Amino acid sequence: MGREDAPLLFRPRADLAQWLWGLRFLFECLPGRAFRNTESALVLALYSHEQLRQLRRDTGIRYDLGTPGILHLYEDSGEFEHAKKQARRLRARGLDVEMRTPRECLAIEPALERSIGRLVGGAYAASDECGDAQLFTRALSDLCSAQGVTFRFNVSVKRLEAARGAIERAVIDDEKGIEESLRADAYVTALGSYSPLLLAPIGVSVPVYPVKGYSITLPLEPGDEAPKTSLTDHARKIVFSRLGERLRVAGTAELNGYDTEMNEARCAALVKRCFEWFPKAGRAEQAKFWTALRPATPSNLPLIGRSKYSNLFLNTGHGTLGWTLACGSGRALADIVSGRKPEPAFGFLGLEAKTKRVTPSVTPRPIG
């Protein structure tokens, strides 16, 4: 955990939130809790996949969708045996996860043939999908704009003001830096890693801590031997995804507060690992690097639902599963805001708090 290129890098800070989060994380690693958390995440993930497919059917949204399945790669025989047990549990829940020998892995993804890794086997989920999250969100914003939604960018949210058990207004600095008040019937905090900073002043504590992740993008040219199947390097916690004529390599986790500086050693480790698996996958010098903060909870379960304020709702803490859980989270929260019980059996916040349905009387203006 202390090596610069380790899959998980922990940088101790004089930060009480970091240490409290770390202790809660260790508690959630207990076998019983880990199993419960995995089951809950699976319920929401399956629902979210269903909602994503419905969105595609309804709108025709395009985002470099790939449907060749996802193959998890194992180099350690002990971890591979453990994965077999997990696969049995997943199949019992209706997922088509099948264990594969090294030869079968090569048949699924021929680009692995030149790998220098010692592959002992894989777990293949044929129905899994991948795509470009940035293209998806841009296309989604266009669809929403066509339905009358107003997005405002380059706006800073300064604070929420509450009274009598409800949020009265959001105070922002507008596009020109001028203070402005926004009033609405319902408010949703979906600020990722920055959610705790906005909520703490009004007495809402959420166990979300930033975990920095990295990715590289390699442009591909004719003749490059890059994978077409989405792959997960289980040992290094790295994902390889083909996005059109690009290869996206993403992963690792760094607990270092709100620091967003690029760590060259971690970027180099991603490049090195990529070309260990795929020596002919483009040119390393053309790699483009990116880093950002993932909003992680100790349990790896997002916080979705009503806060202690009647008109303030949360949709944050999705960690590494942001897009995986996005459509299901959004649909479930829309149900909660509208006074309906969401469909999946997930631990949504504040369902026991029965309040009247929130019916907007004016056109809401989302804060972006």
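The chain contains eight helices and 15 strands, where helices (H or I, at least four residues) and strands (E, at least two) are DSSP runs numbered from the N terminus. Its radius of gyration is 22 Å, close to the 21 Å given by the globule rule for 368 residues, so the chain is as compact as a globular protein of that length. The radius is taken over C-alpha atoms, and the rule is 2.2 Å times the number of residues to the power 0.38. Along the principal axes, the C-alpha atoms fill a box of roughly 65 × 45 × 45 Å. The model is predicted: local features need pLDDT of at least 70 and side-chain atom pairs count only at pLDDT 80 or more, while totals for chains, interfaces and linings use all residues. Residues are numbered from 1 along each chain as its sequence is written, and side-chain values use heavy atoms, with hydrogens and water left out.

Of the 368 residues in the chain, 43% are buried. Buried means under 20% relative accessible area, exposed over 50%, and partly exposed in between (1.4 Å probe, protein chains only).

Leucine 20 belongs to helix α1 (residues 16-28) and is partly exposed, at 46% relative accessibility. Lysine 85 is in helix α3 (residues 77-92) and is partly exposed, with a relative accessible area of 48%. The C-alpha atom of lysine 85 is separated by 21 Å from that of serine 299, at 214 residues along the chain.

Salt bridges number 28, each defined as a side-chain nitrogen of Lys or Arg within 4 Å of a carboxyl oxygen of Asp or Glu. One of them joins the side chains of arginine 246 and aspartate 132 (3.0 Å, N to O). Arginine 246 lies in strand β12 (residues 246-255) and aspartate 132 in the loop between β4 (121-125) and α5 (133-146), so the pair ties together parts 114 residues apart in sequence. Arginine 246 is partly exposed, at 25% relative accessibility, whereas aspartate 132 is buried, at 3%.

A salt bridge between arginine 273 and aspartate 233 has its closest N and O atoms 2.5 Å apart. This pair links distant parts of the chain, with arginine 273 in helix α7 (residues 264-277) and aspartate 233 in strand β10 (residues 230-233), 40 residues apart. Both arginine 273 and aspartate 233 are buried. Elsewhere, salt bridges that share partners join Glu4, Arg11, Lys212, Glu254, Asp259 and Arg266 into one network. The side chains of glutamate 161 and arginine 169 also meet in a salt bridge (2.7 Å, N to O). Glutamate 161 is partly exposed, with 23% relative accessibility, and arginine 169 is buried, with a relative accessible area of 18%.

Backbone geometry was examined at two residues. Most residues other than glycine have a negative phi. Threonine 252 is not a glycine, yet its phi is positive, near 65°. Threonine 252 lies in strand β12 and is buried, at 11% relative accessibility. Asparagine 300, likewise not a glycine, has a positive phi of about 70°. The position of asparagine 300 is the loop between β13 (288-296) and β14 (303-306), where asparagine 300 is partly exposed, with a relative accessible area of 35%.

Arginine 331 lies in helix α8 (residues 326-337) and is partly exposed, at 41% relative accessibility. Arginine 331 and alanine 162 are 169 residues apart in sequence, and their C-alpha atoms are 26 Å apart in space.
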